[in-house]
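My notes follow in the order I made them.

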Amino acid sequence: MFNFFHRKKKVVVDCFTHLPPVYQYAPIVRASKTFPEWWKNLPSVGPLKMVNGKFDIHNNMKKCYGFIELYKRGAVLENWADTHVRVSPETYDYYTTIGETPNVHSPEEYKGGFQNYHHMKLMSPWHFKEKTGLHFLFMGTEWNNELPYKVLPGVVEYKNVTGTHVNVMLPKYKDVYEFDFKLGQPLAHIIPLNDDVDVEFKCHLVTLLELNTKILRGSISFEGMRRLVQLDNRNEERKSKCPFH
């Protein structure tokens, strides 16, 4: 029997930063708050009309089902700083106004791929925690931006991993070019891979000490996160078992 009173399970993603300007000017927001300006400025699409015996169809993306459903889901990570980037065929330079400087992965890590791009990792000051292990699609906000870069997608969870860093590929062109990642610019869209949950993203401003001691996982193992998860599971088992029984 169909249950008319079915309620979606509530899932909370707690979002932490220790930087007050980031908390104030670039909070984590629902994707529905970030519809592109060009889309909002489109004229409304009215009903079909007959003109000279033919249907007069005025259509645009205001009626695009896939576009609208995309923005109904998840939250958006907006850029937390002004970052200027200058890209040449050999390398790239940058200047950022706040937070950690961008990082880079060696081409050896993806040898044979992306030979016409430079890698750049934008080091996000936001760290997420979620208790159930729900998986999310992490992808770029292509509809919001007309900039010459790719945001690489992935599937993430925030029970064991807290980082929200953004991996970017910068095209290598023949000529040098420059552009800016603007403060407040939508950068990444984070979508739950389960439609039967109601996900709430809550922002928290914490001290650096609280961030380091209560939220972050240190890189203390050569095996990375897999080893830390194994140790978490081991320690939980130790709590639940009495050594004398």
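**Entry 1: a loop phenylalanine.** I started with Phe-35, which lies in the loop between strand S2 (29-30) and helix H2 (37-40). Helices and strands here are DSSP runs numbered from the N terminus, helices being H or I with at least four residues and strands E with at least two. Before going on, I noted that this is a predicted model, where local features need pLDDT of at least 70 and side-chain atom pairs count only at pLDDT 80 or more, while totals for chains, interfaces and linings use all residues. I also noted that residues are numbered from 1 along each chain as its sequence is written, and that side-chain values use heavy atoms, with hydrogens and water left out.

Is Phe-35 buried or exposed? Phe-35 counts as buried because its relative accessibility is 17%; the cut-offs are under 20% relative accessible area for buried, over 50% for exposed, and partly exposed in between, with a 1.4 Å probe and protein chains only. Leaving aside neighbours within four places in sequence, I found Phe-35 in contact (heavy atoms within 4.5 Å) with Lys-40, Phe-67, Tyr-71 and Asn-144. Tyr-71 is 36 residues from Phe-35 along the chain, and their C-alpha atoms are separated by 7.0 Å.

**Entry 2: the whole chain.** I stepped back for some totals. The protein has 5 helices and 16 strands. Of its 245 residues, 34% count as buried. Among contacts with a separation of 6 or more, 75% are between residues 24 or more positions apart.

**Entry 3: the core.** Which residues touch the most other members of the largest nonpolar core? I got Leu-77, Phe-128, Val-166, Val-168, Leu-170, Phe-181 and Phe-201, out of 35 residues in that core. A nonpolar core is a set of buried Ala, Val, Leu, Ile, Met, Phe, Trp, Tyr and Cys residues joined through side-chain atoms within 4.5 Å. In soluble globular proteins, nonpolar side chains tend to be buried together.

**Entry 4: S7, S6 and S14.** Next I followed strand S6 (residues 83-87). A hairpin of 4 residues joins S6 to S7, and 5 bridges link S6 to strand S7 (residues 92-96) in an antiparallel run. Two strands pair if DSSP finds at least two bridges between them. S6 is also joined to S14 by 5 bridges, running antiparallel.

Val-85 stands opposite Phe-179 in S14.

Then I checked the faces. In S6 the covered face is Thr-83, Val-85 and Val-87, and the uncovered one is His-84 and Arg-86. In strand S14 (residues 177-181), Tyr-177, Phe-179 and Phe-181 are covered, while Glu-178 and Asp-180 are on the uncovered face.

**Entry 5: an open sheet.** I found an open sheet of 3 strands in the order S8-S13-S11, paired antiparallel. Strand S8 (117-122) and strand S11 (150-151) are at the edges with a single partner strand each, so one side of each has no neighbour in the sheet. S11 meets strand S13 (residues 166-171) over 2 bridges, in the antiparallel sense, and Lys-150 stands opposite Met-169 in S13.

**Entry 6: around S10.** Strand S10 (residues 135-140) pairs antiparallel with strand S12 (residues 154-157) over 4 bridges, where Phe-136 stands opposite Val-156. S10 also runs antiparallel to strand S15 (residues 186-192), with 5 bridges. There Phe-138 stands opposite Ile-190.

Entry 7: Phe-114 is in the loop between S7 and S8. Its phi is near 55 degrees, a positive value in a residue other than glycine. Most residues other than glycine have a negative phi. How accessible is Phe-114? Phe-114 counts as partly exposed, because its relative accessibility is 37%.
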